[in-house]
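Here is a friendly walk through a protein model. Have the viewer open beside you and turn the model as you read.

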2 protein chains.
Amino acid sequence: MARRAVVTGGAGFIGSHVAEDLLNDGWEVVLLDNFRTGRREFIQENEKSSSLKVYSIDLLTHDKLSDLFSDCQRTYHLAANADVRFGPSQPERDLEQNTIVTHRVLEASRISGVKEFIFSSTGSVYGDSKIIPTPEDAPFPIQTSLYGASKLAGEGLVQAYSEAFGIKSWIFRFVSILGPRYSHGHVYDFYKQLRVNPNELMVLGNGSQKKSYLHVKDCVEAMKCALKESTSGVQIFNLGTEEYCEVKDSIGWICDELRLSPKVNYGSGNQGWIGDNPFIFLETEKIQRLGWKPRITIEEGVRSTIRYLIENQWLFAPRNS
Amino acid sequence: MARRAVVTGGAGFIGSHVAEDLLNDGWEVVLLDNFRTGRREFIQENEKSSSLKVYSIDLLTHDKLSDLFSDCQRTYHLAANADVRFGPSQPERDLEQNTIVTHRVLEASRISGVKEFIFSSTGSVYGDSKIIPTPEDAPFPIQTSLYGASKLAGEGLVQAYSEAFGIKSWIFRFVSILGPRYSHGHVYDFYKQLRVNPNELMVLGNGSQKKSYLHVKDCVEAMKCALKESTSGVQIFNLGTEEYCEVKDSIGWICDELRLSPKVNYGSGNQGWIGDNPFIFLETEKIQRLGWKPRITIEEGVRSTIRYLIENQWLFAPRNS
């Protein structure tokens, strides 16, 4: 019998890649998404497959959620509010989408007897770490964003469920992810501005913010690599590359791909917004010791993302919801 | 004009001592409690004071919570589900009482312009720390209980609110607290058993679990000491003593105070229950550098708690709720 996995946020940027990869590996996939940032277009190639079941539901409110987890061996909980920037203007959103929903997905998994749980966390949980690159066992951090706090809370719940109910768990702390289906974040925002006005670009912060990015294909490979290790309890892995760039490097690559030379208007300071980490750069020795290595450079990640966006103009169309 | 503070859980064990101390120092106190574990009897001496306003409300559901925080300069958020043991049988409770309620109290504080926030956390957030005594900047911990996870989540929210909204915050990670008005935990449980059957005592775990306790008077003094320091941002302090005991030491003191020699039946293993930390022992150098020192030993704390329980038999009467 085929193994079966739930993928929450399975129509999202990272989730759709994970779902696709599981289907390719012969898994049955129960895909849950509220299609707010997830897109039908991301999964349409696989929707014909009898191994894929898609449910358009709200994880925060859906009744009898655990019914959807029946006969599943594994949960990939990738649904989240992934936008770190709007925390202070919507203080409930991160709590609801990243903490309470994680609790509901854990409960549904527990009730249905799921024994493996994968959680997508973030390098933002390290706050403004003094140790860079930041290892998984960095000093107990102080949260600087509601997003980071809500993900840290999710991590804690996953860990406590592992201990209390014998669920194996893998927690991945991502840097920002780039690549096909990328549809929020700075590369998207910059391209969106330049589509409207190719002569001018407004940048939050002074452009010297250092950022680390990982390509979504490398990200999916890293998760697979970690999952191959048979473990018990909780495994935590940073996922990122060994290089970083500044926002202005990225702007250079974007403009080069677009053959544009806009006037770039920088803001001030090294924070793009309140709670923005000036620099998230993760130590990835732990995952690399398992044999994984990123294959795509940040520059190629940014460039290929722009090419993807150019080819997928529908992403910029107004949405009904 | 008198300064005014909200004390949530103000009719509880620690909260009632904090409220009393604030009134003695000339503060006006808005005391919020759902009176589930809080008791009218703990605050009755102060209820005559015109400086005390008591509201019997549910922080999880109360509408327009922020109205109660008007004109307050400071919030002491001490309301919590403080019992670590029942997490796995009631997986929602810690999340609701310790995480979601903390978010609601933060929101109410923010909306009302409260600028100082005090949060009672726990040494349980360190999980099963490898570093003992455990300092505030111990390596990024892994949660081993739903209680610890829910408090860690609360901490993260407090920290993110500090960063986003300029609220000064103090987070106190307590060991277990003993003293007058203590009404849950092992001293209470053992005495309750011995009241019914003075000849036999059942103990969870093998009795060698090491535990650190702090007397509630020392705890309140430590918080006052930390609050005197004018700071900005987030301050985190462990609160505990420099000594520890084993559960069987404590049993010895309890039996001695009661003049009893029961047959003690130990369980097995060094965990009293799933998620029990074998040993919580906190490094308290940071708070001691500010001039605070605990005055009451663990032995005297346990003995005085038993004497308090003997004098307050009403604590063992069945309750209506």
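In which loop does Phe35(A) lie? Phe35(A) sits in the loop between strand 2 (28-33) and helix 2 of chain A. Although Phe35(A) is not a glycine, Phe35(A) has a positive phi of about 55 degrees.

Before going further, please note that this is a predicted model, in which local features need pLDDT of at least 70, side-chain atom pairs count only at pLDDT 80 or more, and totals for chains, interfaces and linings use all residues. Residues are numbered from 1 along each chain as its sequence is written, while chains are lettered from A and ligands numbered from 1 in the order in which they are written. Helices (H or I, at least four residues) and strands (E, at least two) are DSSP runs, numbered from the N terminus.

**Cis peptide bonds**

Now look at a proline in each chain. In chain A, a cis peptide bond joins Ile132(A) and Pro133(A), with omega about 0 degrees. Pro133(A) belongs to the loop between strand 5 (116-122) and helix 4 (146-165) of chain A. In chain B, the peptide bond from Ile132(B) to Pro133(B) is cis, and omega is near -5 degrees. Pro133(B) is found in the loop between strand 5 (116-122) and helix 4 of chain B.

**How helices pack**

Two packed helices are described by the angle between their axes and the distance between the axes. Axes are lines fitted to C-alpha atoms, for helices over the stretch in contact, and angles run from 0 to 180 degrees between N-to-C directions.

| Helix pair | Angle | Axis distance |
|---|---|---|
| Helix 5 (residues 186-196) and helix 9 (residues 298-311) of chain A | about 50 degrees | 10 Å apart |
| Helix 3 (residues 91-111) and helix 4 of chain A | roughly 15 degrees | within 8 Å |
| Helix 1 (residues 13-24) and helix 6 (residues 216-228) of chain B | about 55 degrees | 10 Å apart |

Angles under 35 degrees count as roughly parallel, over 145 as roughly antiparallel, 65 to 115 as roughly perpendicular and the rest as oblique. With an angle of roughly 15 degrees, helix 3 of chain A is therefore roughly parallel to helix 4 of chain A. A crossing is left-handed if the near helix is turned anticlockwise from the far one by less than a right angle, and right-handed if clockwise. Helix 3 of chain A passes helix 4 of chain A in a right-handed crossing. Among the residues that make this contact are Leu95(A) and Leu106(A) of helix 3 of chain A and Leu157(A) and Phe165(A) of helix 4 of chain A.

Move on to helix 5 and helix 9 of chain A, whose crossing is right-handed. Here Val187(A), Tyr188(A) and Tyr191(A) of helix 5 of chain A meet Val302(A), Thr305(A), Ile306(A) and Leu309(A) of helix 9 of chain A. By class, this contact has 6 nonpolar, 1 polar and no charged residues. (Ala, Val, Leu, Ile, Met, Phe, Trp, Tyr, Cys and Pro count as nonpolar, Asp, Glu, Lys and Arg as charged, and the others, Gly among them, as polar.)

In chain B, the crossing of helix 1 and helix 6 is right-handed. Phe13(B), Ile14(B), His17(B), Val18(B) and Asp21(B) of helix 1 of chain B make the contact with Val216(B), Cys219(B) and Val220(B) of helix 6 of chain B.

**Two domains in chain A**

The domain assignment, which is automatic or from a database, gives chain A a domain 1 (4-177 + 214-239) and a domain 2 (178-211 + 243-279 + 296-316). Their centres, taken over C-alpha atoms, are separated by 25 Å. Between them, 23 residues of domain 1 of chain A are in contact with 18 residues of domain 2 of chain A; two residues are in contact if their C-beta atoms, placed from the backbone, lie within 7 Å. Helix 6 of chain A gives the most to the side of domain 1 of chain A that touches domain 2 of chain A, with 3 residues.

**Two chains together**

How many residues of chain B are in contact with chain A? There are 32 of them, in contact with 32 residues of chain A. Helix 4 of chain B gives the most to the side of chain B that touches chain A, with 12 residues. That side divides into 18 nonpolar, 10 polar and 4 charged residues.

Chain B can be laid on chain A with an RMSD of 0.0 Å by a turn of 180 degrees and a shift of 0.0 Å along the axis. That is the relation of a two-fold axis. The superposition is by least squares on the C-alpha atoms of residues with pLDDT of at least 70 in both copies. The copies meet through the same surface, because 100% of the interface residues of chain B are also interface residues in chain A.
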